[in-house]
Amino acid sequence: MAGHGGTRAIVAALLANAGIAVAKFVGWLITGSSSMLAEAVHSVADTSNQGLLLLGGRQARRAATAEHPFGYGRDRYFYSFVVALLLFSLGSVFALYEGVHKLQEPEGLTSPLVAVAILLVAIGLESFSFRTAIVESRPLKGSGTWWQFIRQSKVPELPVVLLEDFGALIGLMFALLGVGLTVVTGNPVFDALGTIAIGLLLGVIAIVLIIEMKSLLIGEGATAPVLARITGGLVGGDVQRVIHVRTQYIGPEELLVAAKIALTPGLAVEAVALAIDEAEGRVRAAVPDARLIYLEPDLDRTPAVPV
């Protein structure tokens with residue numbers, strides 16, 4: 001469900017941003033608005049980003065090899081990290097450069113109504129894309145906040161699309177405000193200030209994504225609620241206690257679980273194997289993402305507490 005929903009959100013964003021980018025470039029050529037140019041480059045970056053997310057999803061589906069025995073699930077994290085870098089370099093830095101340049105050398109706007117019309121159409125298309133991302137993310141978000149979803153989600157594409165679309169909508173508002181104030185006051189400085197605001201906004205969003213995607217890329221463990229379900233699933237039958245457990249996501253829907261478990265003393269080899277198989281079954285029933293489970297049986301050497 002996560003992968004399929006993410007794909008729908010990515011495709012919706014890609015189509016919306018591609019159309020918006022063309023319209024914004026036309027608007028920039030007609031009006032000369034630096035806000036419009038910054039937004040056009042932003043849309044080109046977003047369109048490229050969605051293409052990279054789709055590529056990452058395709059690469060992640062490759063079968064495991066001897067060189068990569070755990071598969072290629074982390075490709076989705078890698079391409080999402082690249083997307084965050086592009087958003088910063090191609091979106092934020094360019095907008096800041098363009099805004100400062102136009103602040104130093106202000107230029108008036110021509111046909112500002114064209115810019116306003118294009119920005120309003122872009123807001124409508126971005127709203128559709130943002131709504132699609134919200135609808136696809138809500139089942140995974142659960143009862144938590146959206147900020148918690150962005151911070152804790154192991155599916156990288158949806159947080160990326162959500163933040164990109166949110167940033168695009170706010171950026172369009174900045175551009176509309178900059179163009180509007182320029183028209184009302186006749187001062188092109190407001191258009192330049194709108195461009196700088198867009199650059200700062202994209203920079204903040206890109207930094208948040210870089211931090212989150214880096215964390216996923218280097219390896220995150222299960223959250224506390226998931227870890228509690230794993231521990232609870234391990235204990236039962238001849239498994240007396242979990243001595244220690246380590247987890248790591250090797251892909252958005254692939255969790256590696258390694259644990260040392262204390263078994264009932266004196267078990268035969270067949271009984272040990274049966275206890276391990278049953279524990280693995282309980283964990284997979286409780287946490288379907290636990291695809292790889294390695295259990296090391298041991299004796300409980302916890303010192304007895306004096307009565």
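Visitor: What makes strand 2 and strand 3 a pair, and in which sense do they pair?
Guide: In this predicted model, strand 2 (residues 254–263) and strand 3 pair in the parallel sense over eight bridges.

Visitor: Why are strand 1 and strand 3 said to stand at the edges?
Guide: The three strands form an open sheet in the order 1-2-3, with mixed pairing. Strand 1 (239–251) and strand 3 (290–298) each have a single partner strand, so one side of each is left without a neighbour in the sheet. On average, neighbouring strands are turned by 15° against each other, direction ignored.

Visitor: Which helices touch the sheet strands?
Guide: Helix 8 (residues 224–234) lies across strand 1, strand 2 and strand 3, and runs at about 135° to strand 1. Helix 9 (residues 269–286) packs on the sheet and touches strand 1, strand 2 and strand 3. The direction of helix 9 makes about 145° with that of strand 3.

Visitor: How do you know that Leu295 touches Ala259?
Guide: A contact requires heavy atoms within 4.5 Å. Leu295 touches Ala259, along with Leu234, Ile261, Ile276, Ala279 and Glu280, when residues up to four places away in sequence are not counted; each of these therefore has heavy atoms within 4.5 Å of Leu295.

Visitor: What makes Leu295 part of a nonpolar core?
Guide: Membership takes a buried residue of a listed type, Leu among them, joined through side-chain atoms within 4.5 Å, and buried means under 20% relative accessible area. The largest nonpolar core has 64 residues, and Leu295 is one of those with the most contacts inside it, with Ile230, Leu234, Leu255 and Ile261. Leu295 is therefore under the 20% cut-off.

Visitor: How many residues of the protein chain count as buried?
Guide: Of its 307 residues, 46% count as buried.

Visitor: What sets the protein chain apart from a compact globule of 307 residues?
Guide: Such a globule would have a radius of gyration near 19 Å, but the protein chain has 25 Å. The C-alpha trace spans about 90 × 45 × 30 Å along its principal axes.

Visitor: Where along the protein chain do the strands come?
Guide: The protein chain has nine helices and three strands. From the N terminus on, the elements run α-α-α-α-α-α-α-α-β-β-α-β.

Note on methods:
Residues are numbered from 1 along each chain as its sequence is written. This is a predicted model: local features need pLDDT of at least 70, side-chain atom pairs count only at pLDDT 80 or more; totals for chains, interfaces and linings use all residues. Side-chain values use heavy atoms; hydrogens and water are left out. Buried means under 20% relative accessible area, exposed over 50%, partly exposed in between (1.4 Å probe, protein chains only). Two strands pair if DSSP finds at least two bridges between them. Helices (H or I, at least four residues) and strands (E, at least two) are DSSP runs, numbered from the N terminus. Axes are lines fitted to C-alpha atoms, for helices over the stretch in contact, and angles run from 0 to 180 degrees between N-to-C directions. The radius of gyration is taken over C-alpha atoms; the globule rule is 2.2 Å times the number of residues to the power 0.38.
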